[in-house]
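Please walk through this model with me, strand by strand and helix by helix. Keep the structure in view while reading.

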Amino acid sequence: MKLRIAVSVAASLCALFLAGAVQAQSGKSYSTSGADKSAADAKSTRTPAPDPVAEGVRKRFADRFPGMDVTAVQRTPYGLFEVQLGMELVYTDEDVRWVMQGTLVDAMTRRNVTAERQEKLGEVPLAELPLDLAVKQVRGNGKRRVAIFEDPNCGYCKQLHKTLETLDDVTIYTFLYPILAPDSSVKSRDIWCSSDPARAWNDWMIRGKTPASKSCDTPTEQVLALGKRLMVRGTPTMFFEDGSRVSGAMPLDLFQARLDGKR
């Protein structure tokens with residue numbers, strides 16, 4: 001999925017270039033206390049002043065690439081400007097004379113700066129999601145929580161469920177997100193409308209038992225709109241309690257670590 005997105009963005013940039021659209025730390029945290037901490041907290045709540053240079057880069061980029069929606073532009077510590085296009089990032093200079101798509105790596109620390117920024121941009125606190133639109137299942141005490149966008153025809157989702165069969169003390173919210181096949185919406189409807197949606201979902205995803213045909217009001221349109229707003233482009237996409245997002249199936253140990261707030 002990520003490869004297809006990258007190819008799509010690259011193709012868009014390439015087409016714009018051919019059309020003549022282009023002319024020719026690691027962070028450190030410090031603890032504060034007393035008055036210093038109060039001042040730091042107050043400062044952190046202020047809206048930062050606009051960067052006129054970054055705004056100029058945004059305007060020039062938008063002028064030269066009119067078909068691309070620029071979400072934000074900011075400076076990097078490397079003499080480049082980061083241009084955010086939804087969840088994708090590209091880099092340019094102040095005059096937007098060139099554009100670079102790819103991974104930015106800090107040579108001193110070996111940090112993948114692009115991946116870190118994309119993960120941060122994708123964060124959504126679990127409490128901000130409309131969990132009433134999801135199928136809910138509680139295992140054990142249910143104290144750990146995760147929300148997952150899934151399509152009933154998603155092979156990676158089925159792989160994930162088999163991996164998580166033994167997982168305990170967790171609450172799983174499943175957003176039925178039918179985007180992969182013509183009958184995904186039908187299966188999602190039948191599961192949602194069953195007398196026990198959580199059981200019907202597990203029966204289908206783990207045991208391959210087709211849900212009985214049912215009809216009722218479903219939140220499918222709301223979930224699709226939510227996924228679009230959150231830029232969920234593939235399934236499974238998981239949101240954990242700390243706001244972190246992961247796309248694709250995960251090994252059990254890594255999933256457990258995320259549930260426990262460890263990255």
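Q84 has L89 as its bridge partner in β3. The model is predicted: local features need pLDDT of at least 70, side-chain atom pairs count only at pLDDT 80 or more, and totals for chains, interfaces and linings use all residues. Residues are numbered from 1 along each chain as its sequence is written, and side-chain values use heavy atoms, with hydrogens and water left out. Helices (H or I, at least four residues) and strands (E, at least two) are DSSP runs, numbered from the N terminus.

Two strands pair if DSSP finds at least two bridges between them. On the other pairing of β2, 4 bridges join β1 (residues 72-75) to β2 (residues 81-85), again in antiparallel fashion. There, R75 has F81 in β2 as its bridge partner. β1 and β2 make a hairpin with 5 residues between them. In its turn, G79 has a positive phi of about 80°.

These strands belong to an open sheet of 4 strands, ordered β1-β2-β3-β4, with antiparallel pairing. β1 and β4 (99-101) are at the edges with a single partner strand each, so one side of each is left without a neighbour in the sheet. Neighbouring strands are turned by 30° against each other on average, direction ignored. Strands of a sheet pair through backbone hydrogen bonds, either parallel or antiparallel.

The loop between β3 and β4 holds V96. V96 is not a glycine, yet its phi is positive, at about 50°. Most residues other than glycine have a negative phi, and most peptide bonds are trans.

α4 (residues 113-121) lies across β1, β2 and β3, and runs at about 135° to β3. Angles run from 0 to 180 degrees between N-to-C directions, and axes are lines fitted to C-alpha atoms, for helices over the stretch in contact. Contact means heavy atoms within 4.5 Å.

Now the other sheet. It is open, has 5 strands in the order β7-β9-β8-β10-β11, and its pairing is mixed. β7 (135-139) and β11 (245-247) are the edge strands, each pairing on one side only. The twist averages 20° from one strand to the next. Inside this sheet, β8 (residues 144-150) and β10 (residues 237-240) pair in the antiparallel sense over 4 bridges. F149 stands opposite T237 in β10. The loop between α8 and β10 contains P236. A cis peptide bond joins T235 and P236, with omega of about 0°.

α7 (residues 197-207) lies across β7, β8 and β9 (170-176), at about 85° to β7. Which residues of α5 and α7 make their contact? C157, K158, H161 and K162 of α5 meet W201, N202, W204, M205 and I206 of α7. The axes of α5 (residues 155-163) and α7 are 8 Å apart, at an angle of about 100°. The two helices are therefore roughly perpendicular to each other. That class spans 65 to 115 degrees; angles under 35 count as roughly parallel, over 145 as roughly antiparallel, and the rest as oblique. By class, the contact of α5 with α7 has 5 nonpolar, 2 polar and 2 charged residues. Ala, Val, Leu, Ile, Met, Phe, Trp, Tyr, Cys and Pro count as nonpolar, Asp, Glu, Lys and Arg as charged, and the others, Gly among them, as polar.

α7 also packs against α6, at about 140° with axes 7 Å apart. This pair is therefore oblique. K187, I191 and W192 in α6 meet P197, A200, W201 and W204 in α7. The contact of α6 with α7 has 6 nonpolar, no polar and 1 charged residues.

On a 1 Å grid over the protein atoms alone, a cavity is a set of points where a 1.4 Å probe fits but cannot get out; lining residues have an atom within 4 Å of a point. About 50 Å³ of space lies in the largest cavity. A volume is the space filled by probe spheres set on the points, which are joined across faces, edges and corners. α6 (184-193) and α8 (220-229) each supply at least two lining residues. α6 gives the largest share, 3 residues. The lining divides into 5 nonpolar, 3 polar and 1 charged.

Technical notes
On a 1 Å grid over the protein atoms alone, a cavity is a set of points where a 1.4 Å probe fits but cannot get out, and a pocket is an open set with protein on both sides within 12 Å along at least five of seven lines; lining residues have an atom within 4 Å of a point.
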